[in-house]
Amino acid sequence: MALEAAWVVTVPVANMYLQPSKDAAVVSQAIYGTTVFVLEERGGWKRVRTPDEYAGWMPAASLHLRPQGPYAAAGRVATVASLFANLYREPDLTRRRPLMTVAFETRLEVLEEPEADGRRWIRLRLADGGQAWIQRGDVTFSERPLSAGETIALARRFLGLPYLWGGVSAFGFDCSGFTQMLGRRRGLRMPRDAAPQAHWEGSAPVAPRDLQPADLLYFGESADKVNHTGMYIGDGEFIHATAYLRPVVQISRLDDPHWAERLVACRRPKTGAAE
């Protein structure tokens, strides 16, 4: 059966804009290797839909049409486990600058895993057909869903990384992008934005007094006007990406008046909600 061509992101992280202009608001992003569906074209722009059903305008230069179909969808795939990973032209750190730096969760097609140097280096096929090398220590070949405790441990690795409106990667997260990523590592296919997450059918309401680590928290003016989210980590604390006071991924307390008066929903992913 003939493969269907696919549009794939070929920059480390591509912004998605409300309108086909870099002066427009950023609504979301897509990381390297993501397959997108093109909805509309206008000049040097394409309106695309990402796998989480989010739509926005992306510069055409950020995309490559792969005749052979989606990237890193089959065969041997390495997933970036470091917060960031450098890709090199050759298996050497010092001869040339990196080709690019990709973010946590980036999926990469493996061409070769040479035995030399303790199998330190992995040769990759890039989304545009080129090749690169990555160090084995930056990737994993296991993508099993994480437990609640493992998810919290992962979340702590991002402490101090910058808050970025529309951000979905280690280059910068917004609140819902961060929570969505943590859910994804648990095998959950959650909506992109905080308000839809707060009403997601894959989770169920839980009373604040019954909170357990890895439950999800939603904040706003009311249950119908949610504008922020985070993950409960126990002992009255939660982790989130926020621009409040310090624009970074940080840990806050639920008894902080700023957050206590804004907490409007607590949710727990349902058993069996994983993809």
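Quick housekeeping, then. Residues are numbered from 1 along each chain as its sequence is written, and side-chain values use heavy atoms, with hydrogens and water left out. Since the model is predicted, local features need pLDDT of at least 70 and side-chain atom pairs count only at pLDDT 80 or more, while totals for chains, interfaces and linings use all residues.

Okay, rings. A pair of aromatic rings is described by the distance of the centres and the angle of the planes. Here, rings of Phe, Tyr and Trp (its six-membered ring) pair if their centres lie within 6.5 Å; planes under 30 degrees apart are stacked, over 60 edge-to-face, and the rest tilted. How many aromatic pairs does the structure hold? There are 12.

Take F104 and F158. Their ring centres are 5.4 Å apart and the planes sit at 75°, so we call that pair edge-to-face. It links distant parts of the chain, 54 residues apart: F104 is in the loop between β10 (100-103) and β11 (107-112), and F158 is in the loop between α2 (148-156) and β15 (168-169). Helices (H or I, at least four residues) and strands (E, at least two) are DSSP runs, by the way, numbered from the N terminus.

Buried or exposed, those two? F104 is buried at a relative accessible area of 9%, and F158 is buried at 0%. Buried means under 20% relative accessible area, exposed over 50%, partly exposed in between, with a 1.4 Å probe and protein chains only. F104 and F158 also form one aromatic cluster with F173 and F178.

Next pair: F238 and W259, with centres 5.7 Å apart and planes at 85°, so edge-to-face. F238 is in strand β20 (residues 237-242) and W259 in helix α5 (residues 257-260), 21 residues apart. F238 and W259 are both buried.

Now arginines. The charged end of R76 sits over the ring of F141, 3.6 Å from its centre, and R192 does that with Y54 at 5.9 Å. "Over" needs NZ of Lys or CZ of Arg within 6 Å of the ring centre and within 35 degrees of the ring normal.

Last up, H228, in strand β19 (residues 226-234). H228 is buried, at 8% relative accessibility. Beyond its neighbours within four places in sequence, H228 is in contact (heavy atoms within 4.5 Å) with residues including C175, Y218, H240 and our W259. The side chains of H228 and H240 are joined by a polar contact of 2.8 Å. That term means a pair of N or O atoms within 3.5 Å; within protein, one must be able to donate a hydrogen and the other to accept it, and residues adjacent in sequence count only if both atoms are side-chain atoms.
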